[in-house]
Amino acid sequence: MTATAPITQDVMTIPRKMPEGPINLVGLTRDGMREILIENGTTEKQAKMRVGQIWQWIYQWGKRDFDEMTNLSKAFRAELAEKFMIEVPEVVTRQVSEDGTRKYLVKIAGGHEVEVVYIPEEGRGTLCVSSQVGCTLTCSFCHTGTQKLVRNLTAGEIIGQVMLARDDLDEWPEPGAPKDETRLLSNIVLMGMGEPLYNFENVRDAMKIAMDPEGIQLSRRRITLSTSGVVPEIARTAQEIGCQLAISFHATTDEVRDKLVPINKRWNIKVLVEALRAYPRVSNSERITFEYVMLEGINDSEEDAHRLVKLIEGIPAKINLIPFNEWPGAPYKRSSGNRIHRFADIIYKAGYASPIRKPRGEDIMAACGQLKSATERSRKSRKEIAAKAGLS
Ligand code: SAH
Ligand code: SF4
């Protein structure tokens, strides 16, 4: 292992190729798909063209049935159907908030569940995608961080979230239809459950699929990856994905950040900021988003705002202030509106955009940091109920 090798986590990753049964084509890179077709009898000569055709049916037209792939021969379609499948996670429940936010609870292999949130806004729509079941990190203000169960999502399960949202929004164009530039799902943020940089390869492959010009075709400028600060993977994000970067900063001293974002004990503020200074140059991203959750009496003082400005000096940045979203049993309170505005003002006067994020979908627990798999919640409550009733 080199010094820059990814940190391995004690997280189970499902192998791409299941030992038996049909192989899911969703989530394979173009090269991966090519290899697998060759392994299954397609000649090297034909493989590239076939990948192009299948790719377009899956990712441009949203087809899930090989029989609809009319530019492939009937015999080849039958062969494909025998060996492969085109599968996305299953939507278990779908909730729609008063403000139009949609939250999907989806089931993945092994019976695990993750949440996906669609946020419609004026002129755009953002899909908040999960990268893990739960999270190995334990940020003290984050509901996902209290969830024990963790497994990395496969690339197919990550891009599958985008595909199932497009299904629900009825947003696959008809083959041959003129290109429609208006998109209901126009942006992706990797801000759902999990730490995307602890599942780097799968997140990268899924985002490459989302950006592919012959498929879903989202620009790398419309994809934002949020990390708590896995420093060794930050440069790689620039080089291998090239998307926009958001950092869960949340504090201006190591003492406070150690408590809020414990990964800070491994890579502290100084080390993190150094890595960020290099990012825009490597990826051509315009600016880095600093996410800052506003917690009453913890990180919301005027001194904090001044310190923050000093820390990020010279980095092209935007500071997203997130009013804390409460969840049952959370150990913090949301800062008052006044305090958040005062904080925003100081940052704005120093020359940075400092939008205050409007909580969305709070009535369905779909806001930032509130995601936690419902099965775990209900299992726990069933257990509690049983305990109360003296049944266990
Ligand atoms: N693991 C990644 C991405 C998922 S969290 C990360 O930590 O960056 C997406 C954002 O929501 C992060 O900035 C996270 O710090 C923030 N967040 C978590 N819990 C929150 C809460 N209860 N209220 C507001 N924001 C929260
Ligand atoms: Fe994990 Fe991000 Fe939540 Fe921290 S804030 S526990 S890194 S999901």
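Is Asp254 buried, partly exposed or exposed? With a relative accessibility of 31%, Asp254 counts as partly exposed (buried means under 20% relative accessible area, exposed over 50%, partly exposed in between, using a 1.4 Å probe and protein chains only).

## Ground rules

This is a predicted model, where local features need pLDDT of at least 70 and side-chain atom pairs count only at pLDDT 80 or more, while totals for chains, interfaces and linings use all residues. Residues are numbered from 1 along each chain as its sequence is written, chains are lettered from A and ligands numbered from 1 in the order in which they are written, and side-chain values use heavy atoms, with hydrogens and water left out.

## Around Asp254

Asp254 sits in helix H7, which covers residues 254-260 (helices are DSSP runs of H or I with at least four residues, numbered from the N terminus). Setting aside neighbours within four places in sequence, Asp254 touches Asn264, Asn268 and Ile269; contact here means heavy atoms within 4.5 Å.

As for Trp267, 13 residues from Asp254 along the chain, the two C-alpha atoms are 9.9 Å apart.

## Ligand 2 and the cysteines

The shell around ligand 2 is made up of Cys135, Leu137, Cys139, Cys142, Gly145, Gly194 and Ser228, taking residues with a heavy atom within 4 Å. Sorted by type, that shell gives four nonpolar residues, three polar and no charged (Ala, Val, Leu, Ile, Met, Phe, Trp, Tyr, Cys and Pro count as nonpolar, Asp, Glu, Lys and Arg as charged, and the others, Gly among them, as polar).

## Salt bridges

Across the whole structure, a search turns up 23 salt bridges, each a side-chain nitrogen of Lys or Arg within 4 Å of a carboxyl oxygen of Asp or Glu. One of them links Glu171 to Arg166, with the closest N and O atoms 3.9 Å apart, and both residues are buried. Asp205 and Arg204 pair up at 3.1 Å, N to O; these two are buried as well.

Asp304 and Arg307 also form a salt bridge, at 3.1 Å from N to O. Both belong to helix H9 (residues 302-311), three residues apart, or about one turn of the helix. Asp304 is buried at 8% relative accessibility, whereas Arg307 is partly exposed at 35%. Then there's a network: salt bridges with shared partners join Glu201, Arg204, Asp205, Glu233, Arg236 and Glu240.

Conventions. Helices (H or I, at least four residues) and strands (E, at least two) are DSSP runs, numbered from the N terminus.
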